[in-house]
Every structure is written in C-alpha cells, then in structure tokens.
2 protein chains.
Amino acid sequence: MTRVYNFSAGPAMLPEPVLNQARDEMLDWRGSGMCVAEMSHRGKEFMAIAAEAEADLRELLIIPEHYKVLFLQGGASLQFAMVPLNMLGDKGRADYLNTGSWSKKAIAEAKRFGEVRIAASTEASRFTCAPAQDELSLDPDAAYVHYTPNETIEGVEFPYVPETGAVPLVADMSSTILSRPIDVTRFGLIYAGAQKNIGPAGLTIVIVREDLIGKAQPFTPTMLDYKIHAENGSMYNTPPTYAWYLAGLVFKWLKGIGGLSTIAEINARKAQKLYAAIDRSSFYHNPVEPSARSWMNVPFTLAKPELDETFLKEAKAVGLTTLQGHRSVGGMRASIYNAMPEAGVDALIAFMQDFERRYG
Amino acid sequence: MTRVYNFSAGPAMLPEPVLNQARDEMLDWRGSGMCVAEMSHRGKEFMAIAAEAEADLRELLIIPEHYKVLFLQGGASLQFAMVPLNMLGDKGRADYLNTGSWSKKAIAEAKRFGEVRIAASTEASRFTCAPAQDELSLDPDAAYVHYTPNETIEGVEFPYVPETGAVPLVADMSSTILSRPIDVTRFGLIYAGAQKNIGPAGLTIVIVREDLIGKAQPFTPTMLDYKIHAENGSMYNTPPTYAWYLAGLVFKWLKGIGGLSTIAEINARKAQKLYAAIDRSSFYHNPVEPSARSWMNVPFTLAKPELDETFLKEAKAVGLTTLQGHRSVGGMRASIYNAMPEAGVDALIAFMQDFERRYG
C-alpha cells in the first residue's frame, strides 16, 4: 500500500492515525460487537461517542457554555438557507461581505428569503484580496453580518475577524475551522461542512450563540430550524452517526498532537514555504495579495498553461494528486488542510522546482 | 472479536462482508492511495463509485430510465418537507394515509405547506392494521397520495400497494426498501433513509419520476429542490461520499446473494418463524393483525412486563442486542432487516423460548 499526498479541496485527506483506528474498529467498536455505523443513535455506546466528540470540539475551540454545538447534515450549501431562515427575524435584512465564489453563493440564497446588503465586495479585484475593516459599510440594524473567512476557490482569507458591534457575525468556516485558534465569542454563528478539516462529507457543524436560536421564519421546514436540533441534542432525527464518530477521532488526533496552537504553527509553516517557493519562481504565480493569502488553499498558475496537463500527470505519477485548480479559475490549487503532512508540502515544492527546471 | 446480533431499528446491522471490504479498503481504495472518504467527489475514482452504486440500485429495483435516482442527505424527516414543497404544485393539497408514528410525522410537516386530507386512518385501532384498498377515500384532484408502506415503530405493513389512479403515489420506504422486489412504476416517488437496508445514516435515497420534478414552491430552499439535485447528478454540493460508497457495497452484496427475490425469501422465512414462535407462546404477544405484520420490525410484549429489564439484560449477555421497544409503545422490538442473518433470528427464538421456560 502506498498512500498519496492528496491536495483535494474537499473531501480531503484524513489523518492516517484516524483511518488506522477506524479500520481497526470497523467490525467491533471496543468490544461492542458492532461497527459504529450499526449502532442505534439512542444507545449508550453511540451517545457516549457523540458526547465525547462534542466535548473534544468544545475543548479545542474553547466554546463557551452559552453556545450550542449542532451536528447536522446538508453542508454549507444548506446553511446558506438555514442562516437567513433562522436569523433574519423581524429585521428581514442582513449584511453580506462578497469576497469570492462561496460568498456569492451564500448571497444568492439569502436573497431568496430577505433583503441582502453587500457591505463590501472585492469582486472588482477578481477576489484577490480581503476588504479592510474600515472598508466595511455595515448597517447597525442588520439582523446579522455574513462572511466567508476563507474562500476555498480563490485561496483568499481574511487576516482579521471583522468587528460588527452588536450585530451578530456569521462565518462560513468550512475550509478554515480548526486550522488555528479562534475567539468563538466574536461570532454569533459559525458553520462548517466537515469534509476539509473535520471529517467525511455529510456532516455539518454549527456553533451558535443560544440567544440567536428560536427565531425561525414560520415557513421554515422543521429540519431547517436550529431550535429543533438544539433542543434535541442534534438527534431530532437519526444523525450521520459514522461521520460524527470519524469527526470525533479527528478531534482526538488534534488534541493528541497539541491542539490548535500546534496545528496553527504547522499550518503557517506549510503555507509560508509553499508561497515562498511560488514567489521565488518566475514560472509559478499566485494572484492573491500577500496579506490575504489562504493557509489552506493555495492556487497557482504555470507560466506556460499548455503544460498544465503534463504537470498534473507527472505530479500524480510521484504520488501528488488532485492538484487541478477549480474549473472557474483554472491552473492549479494545492489544498493543504490539517491532515496534509508537512512532508507532503515539501514533496510538492520539490516536484514543482524539478518541473520548472525541466520545462521552465 | 465477537460480533453481536443487533436488532436495532436503525441505524442497523450491515452485512459483514461489506464491513470487511470497507475495513480492507480504508487506507487505500484499490491502489488509489486514498480512503474513499478522502476523494474529491468530482474526481474520476469517486464518480465511478457513485455511478456503479446507482447502476446496481437500478438493476436491483428495476428502476426505469424515466425515474431519477438521487443520493441526498437529511433522512426521511427532511423528505417530510421536501415532498410537499416539491409536489404540492398548483393543486396545493394532498392525501395522506395515517397508519402509524411515521405517517403522523409526515402529515404534521406537510400541513405546514399545504392542505392535507387524511384519506384513511388506522389510529382508532392503535395502528395495528393496514386499511384495505376500498377503505381509502381518495381525492382524484390531490397532488399526490403519501403513505408509509412499513411503520417501523408499530411493526405494521401494507400487504399491497395502494391503487391511486392518475394521482402519483409517494412512499416512505425507509424501513422496507430492498427487502423484496417492488414494481417501481406504481410509484411517483419513493424515498428512504439509508440506515436500515441501504447503508449508514446520513444518506437518503429518492427515486422520482422525471415528470414530477421541477414544480417546487418559490420559497423552497435550493438544497430542498429535487430539480437542482436531478440536474446535477446529486452533486450540486458535496454529497455524503463515504455513505454513498458503503451503500454501493451493500448493493453489490445484495446482487451477489441473488438479488431481491432471494433476500425476499430469506426475509419472509425470518419473519414467519419469529411470528410463529410468538403466536405459539402465551408469554409473548404481538398486537398486529396477521395480514399486516411487518417483515422488518417485530414488536412484542412479555406477559410479565416487570421482566422486561431482565429479558434485555439476559439477551444482551448472549449477544442479542438492542431489543427494547420504542419508548412510545414499550415492550420489545426485533428489527430484522436484510443484514440480520437467519441465524440471528434463530438465536433470538431459542433465547425467547428458554427465557419463557425459566420465567413464564
């Protein structure tokens, strides 16, 4: 067996110790005689697995008691509807920061349920920077402010958390959650699809301040109401139990290596060395303003785009996979989430330098 | 390692060969160097896995070309909203058959989006029978007729498929799909949560006739619109890839043992011998009218309910787990889905007889 370094933007690599443990427990979770996927979600075994995963996530992110943690389904795309349905309330309008492909999707969906103000947009610069705090035109009467701290496709990231005063801040952290410590109390609601830094696709984590729950529009489907899930410990219906378990193993792995401050150091180093290699070269190019470059998603182009296919083919041959850029921007993209070992980034840089020597 | 016979109503047992294969492929799916959970859903490896799973399901159920098969999230509970949101159309009203706890939930949710007529109800008999065809009071102008072919909690099952003329028939097949051959053309839409006969929780299968797609109410969230998922091959957003893969392994296993006619014989035999054991005894009792007894969920009570805890404890000690009845009906429930081996039912019967000898 040869494992590859998989640079997919998501679903993405999982830590190898997590996969080893899942493999070993597949037919018999700790003497239960069952795979976790076979357990009743209301049985004591799974209830313990679920509670431990939540406790570990709370410990990692230092989530205060007055925030609920929900384990849901549907990905960020369903949150694009759930956020306005649950949070527009009587105000009926919200501010959105337009900083890339995913914010645009969130904005389009929110417009179907209420009034959306664009409080900042970097579209004119083709989403290659983040707006500064003093460029945000915030409405003090907005129901909430929504933004995307890390744009997976453009590889652009906010270097700061926007200050929104009394207006709750909502963040789509799908591609940046758990990559470093954050101050949860700065946010009203955080959501994240699992398939980048948490676990397998099909699980969505929502962290929401309790006072913001319970204001769903009357036509909100029951399953889209945060209150229902909060009141039922995310077990109003059968949750995605196996994904929840795998997420728990990922949280345990993160704790084991030293938590978010340790992974932040590793992530910063991985990103810095990859950007440095790109910037040193005249063959590779990253378009994002240095202060807003993503730690997680590193898009880059080749000076000779006619070599893209050769690059991908040769990379794959040496075990560096899923490097093609998103179809909307082209070129390459290396997603280097928590589970990508530093050795994988080193191998990519070595390959890039070798490729440039041969074709540049 | 000792595997148990797990009678959970869902999540439920998975076939052991499926778990073995998933374990063996956990770190490296067929030389890819990746777990399936790590693969980009748009990469050629996962696209092939997804397509093969759909093809196998189509073959097993003989699904005609003019039906779409969708791999979604959210369980039957989300379908309770998606069905009316997508199918009420201009008519604005639908017929529902009220035959147990799950139909009641479907009815309650549908009422939030349109007019619901109860075309039959067995509530007066405490949901211990199925209404006959000539007891259905059907509205020829209904947008659709919704029913629950198998009620997981009450253990009651329709012995026939209702005839609804030109009105599309919608069925929540969560706990009966793939247990025997069905004629898909009798249905407008079939939905099923995966966690009983398909795979792990977190995947929902929808089989829908093409002409019924595209009529969603204007306020339907994008992710709840069948049209969006149908047009995007269930990849409008990241699908629950690992659950989809496991479902594919289950479909392959079913094909390998001979398909739905074979599993139907086994399932009928399993159910018949368990009901026969209950009926032979004066200690155990099943309240359901014999013609409407479920093949999948067998609730039963003990003549001495004060022995319930002893029964559960002793059963667990011999590897027969999760036999407690649903909290709303009490007693016991043995769910004997496809993956429950006949030997598990035999072991349960032997235990029940021994228990009765000792305590009856």
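**Conventions**

I number residues from 1 along each chain as its sequence is written, and I letter chains from A and number ligands from 1 in the order in which they are written. Because the model is predicted, I take local features only at pLDDT of at least 70 and side-chain atom pairs only at pLDDT 80 or more, while totals for chains, interfaces and linings use all residues, and side-chain values use heavy atoms, with hydrogens and water left out.

**Entry 1: the record and the two copies**

I looked up the UniProt record, an unreviewed entry, and found that it places "domain: Aminotransferase class V" at residues 4–348 of chain A; UniProt positions are in the numbering used here, feature names are shortened, and annotations may be inferred rather than shown by experiment. The end C-alpha atoms of that span lie 11 Å apart, and the span is 32% helix and 17% strand. Helices (H or I, at least four residues) and strands (E, at least two) are DSSP runs, numbered from the N terminus.

I then superposed the copies by least squares on the C-alpha atoms of residues with pLDDT of at least 70 in both, and found that a rotation of 180 degrees with 0.0 Å of shift along its axis brings chain B onto chain A with an RMSD of 0.0 Å. The two copies are thus related as by a two-fold rotation axis. The same surface serves both copies, since 100% of the contact residues of chain B recur in chain A, where contact means heavy atoms within 4.5 Å. Of the residues of chain B, B:Arg23 comes closest to the axis, at 2.4 Å for its C-alpha.

Is A:Lys196 buried or exposed? I find A:Lys196 buried, with a relative accessible area of 13%; buried means under 20% relative accessible area, exposed over 50%, and partly exposed in between, with a 1.4 Å probe and protein chains only. The unreviewed UniProt entry annotates A:Lys196 as "modified residue: N6-(pyridoxal phosphate)lysine", and I locate A:Lys196 in the loop between strand E9 (189–193) and strand E10 (204–209) of chain A. Leaving aside neighbours within four places in sequence, A:Lys196 is in contact with residues including A:Ala9, A:Gly10, A:Met13, A:Ser174 and A:Tyr337. The backbone oxygen of A:Ala9 lies 2.8 Å from a polar atom of the side chain of A:Lys196.

B:Lys215 lies in the loop between strand E10 (204–209) and helix H5 (226–231) of chain B, and is partly exposed, with a relative accessible area of 44%. Not counting residues up to four places away in sequence, B:Lys215 touches B:Leu85, B:Asn86 and B:Gly89, and a polar atom of its side chain lies 3.4 Å from the backbone oxygen of B:Asp211.

**Entry 2: strands and a crossover**

In chain A, strand E3 (residues 93–98) and strand E4 (residues 115–121) pair in the parallel sense over six bridges; two strands pair if DSSP finds at least two bridges between them. A:Arg93 stands opposite A:Glu115 in E4(A). The chain crosses from E3(A) through helix H4 (residues 101–110) to E4(A), and this β-α-β crossover is right-handed, that is, with the strands pointing away from the viewer, the path from the first strand over the helix to the second runs clockwise.

I also traced an open sheet of three strands in chain A, with the order E11-E12-E14 and antiparallel pairing. Its edge strands are E11 (284–285) and E14 (332–335), each of which pairs on one side only.

In chain B, five of the six residues of strand E12 (residues 297–302) are buried, so this strand is largely enclosed by the rest of the structure. E12(B) and strand E14 (residues 332–335) pair in the antiparallel sense over four bridges, with B:Ala334 as the bridge partner of B:Val298.

**Entry 3: backbone exceptions**

Most residues other than glycine have a negative phi, and most peptide bonds are trans. Phi of A:Arg30 is near 45 degrees, and A:Arg30 is exposed, with a relative accessible area of 55%. Phi of B:Phe127 is near 55 degrees, but B:Phe127 is buried, with a relative accessible area of 8%.

How values were computed: A polar contact is a pair of N or O atoms within 3.5 Å; within protein, one must be able to donate a hydrogen and the other to accept it, and residues adjacent in sequence count only if both atoms are side-chain atoms.
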